[in-house]
Amino acid sequence: MSGTPHPPVEPYETGHLDVGEGHSLYWEVCGDPDGMPAVVLHGGPGSGCSPGLRRWFDPARYRVVLFDQRNAGRSMPWAGEPTVDLSANTTPHLISDIERLREHLGIDRWLVVGGSWGVTLGLAYAQAHPERVTELVLAAITSPDRWLLRWITRDMGRVFPREWERFRDGVPAAERDGDLAAAYSRLLHDPDPAVRAKAAQDWCDWEDTHVSLAPDSEPSLSVADPAFQLAFARVVTHYWSHGCFLDDGQLLRDAHRLAGVPGLLVHGRLDVSGPLDTAWQLHRAWPDSELVVLGDSGHSGGDVRATVIDHLDRAVRD
């Protein structure tokens with residue numbers, strides 16, 4: 001396995017797509033206009049797509065579509081503005097956006113690549129529109145199930161007790177025994193910019209903590225630009241406090257809809273924020289999937305990227 005990222009490439013086409021409710025999505029296409037269509041679903045939710053994701057694909061063989069999901073990155077309105085309304089940002093909205101973008105670009109079917117939150121969104125999209133998906137390539141398997149959201153925001157305190165107490169104590173005492181994502185969401189929309197900034201920093205500190213077990217893990221969100229921290233934390237807490245706008249257990253329940261759609265599931269054994277049994281249960285419910293467990297990797301890093309790139313290289317050659 002080589003899995004070396006491809007050389008940097010610039011988009012040959014970009015634009016903004018009006019998807020209604022006042023939202024306009026930034027999108028870009030790079031690679032070969034006649035290549036295998038692929039769409040990348042970024043993580044977060046709320047992080048936006050990055051140039052590094054283009055390098056996962058051979059530009060001579062793929063037509064790669066990247067876009068910033070609602071309120072993220074270069075899409076408008078941006079969640080980092082002093083005030084923003086996130087009510088028209090839900091998983092069903094994002095699924096509809098993906099379909100609108102596919103139709104706008106004249107693509108019949110495409111390969112769907114996602115990591116972390118992009119896994120949840122990719123599965124939800126593929127289950128809603130299996131006829132539009134040639135394959136799913138998913139890394140750092142996540143689930144919107146209530147137990148996992150509680151695991152990340154509360155039960156993980158058993159693994160990182162000092163850091164979790166700091167995270168919990170970032171919200172008012174009266175809210176510390178309740179839904180911490182909802183409590184943070186309220187703080188992130190507080191009229192006082194100092195309150196918003198502190199909540200964003202506290203949330204991002206905790207995010208970096210619970211993905212930190214892999215030996216090569218380095219902080220990213222906790223040292224990010226404060227405006228990005230605010231935008232990111234607002235969208236994440238909006239989704240988590242609403243169960244990601246999906247029924248509890250929905251992705252496992254509807255895994256049968258993926259029959260005939262091949263998939264690669266890549267997961268790090270050191271990913272304590274996303275326990276391996278999430279990937280295992282999905283693999284068991286989806287017979288057309290292949291599960292690759294990496295012993296040296298956490299939520300990212302290690303061989304996760306290399307494994308995905310190697311698979312994408314082989315997929316386009318076969």
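**Entry 1: helix H11.** I started with H11 in this predicted model and listed its buried residues: Val304, Ala306, Thr307, Val308, Ile309, Asp310, His311, Leu312, Asp313, Ala315 and Val316. That makes 11 of its 14 residues buried, so I noted H11 as mostly covered.

What do those buried residues pack against? I found strands on the list: E3 (36-41), E4 (62-67), E5 (110-115), E6 (133-139), E7 (263-268) and E8 (289-294).

I also checked the length of H11, residues 304-317. At 1.5 Å a residue, its 14 residues should span 20 Å, and the end C-alpha atoms are 20 Å apart, so the two agree.

**Entry 2: the cores.** Next I looked up the largest nonpolar core, which has 70 residues. Leu123, Leu136, Trp203 and Trp240 have the most contacts inside it. Which helix gives the most to this core? I got H8 (residues 226-240), with eight residues. Apart from this core lies another one, of 24 residues, and Val308 from my H11 list is among them, along with Val40, Val64 and Leu264.

**Entry 3: Trp203.** I skipped its neighbours within four places in sequence and looked at the rest. Trp203 is in contact with Thr153, Phe167, Ala181, Tyr184, Phe232, Ala233, Val236, Thr237 and Trp240.

**Entry 4: H6 and H7.** The axes of H6 (residues 180-188) and H7 (residues 193-210) come within 8 Å and cross at roughly 145 degrees. From H6, I noted Ala181, Tyr184, Leu187 and Leu188 in the contact. H7 brings Val195, Arg196, Ala199, Ala200, Asp202 and Trp203. Sorted by class, I got eight nonpolar, no polar and two charged residues.

Technical notes: Residues numbered from 1 in each chain as written. Predicted model: local features only at pLDDT ≥ 70, side-chain atom pairs only at ≥ 80, totals over all residues. Heavy atoms only, no water. Core = buried A, V, L, I, M, F, W, Y, C linked by side-chain atoms within 4.5 Å. Buried < 20%, exposed > 50% of the residue type's maximum accessible area, 1.4 Å probe, protein only. Helix = DSSP H or I, 4+ residues; strand = E, 2+ residues; numbered from the N terminus. Contact = heavy atoms within 4.5 Å. Expected span 1.5 Å × (residues − 1). Axes fitted to C-alpha atoms, helices over the stretch in contact; angles between N-to-C directions. Nonpolar A, V, L, I, M, F, W, Y, C, P; charged D, E, K, R; others polar.
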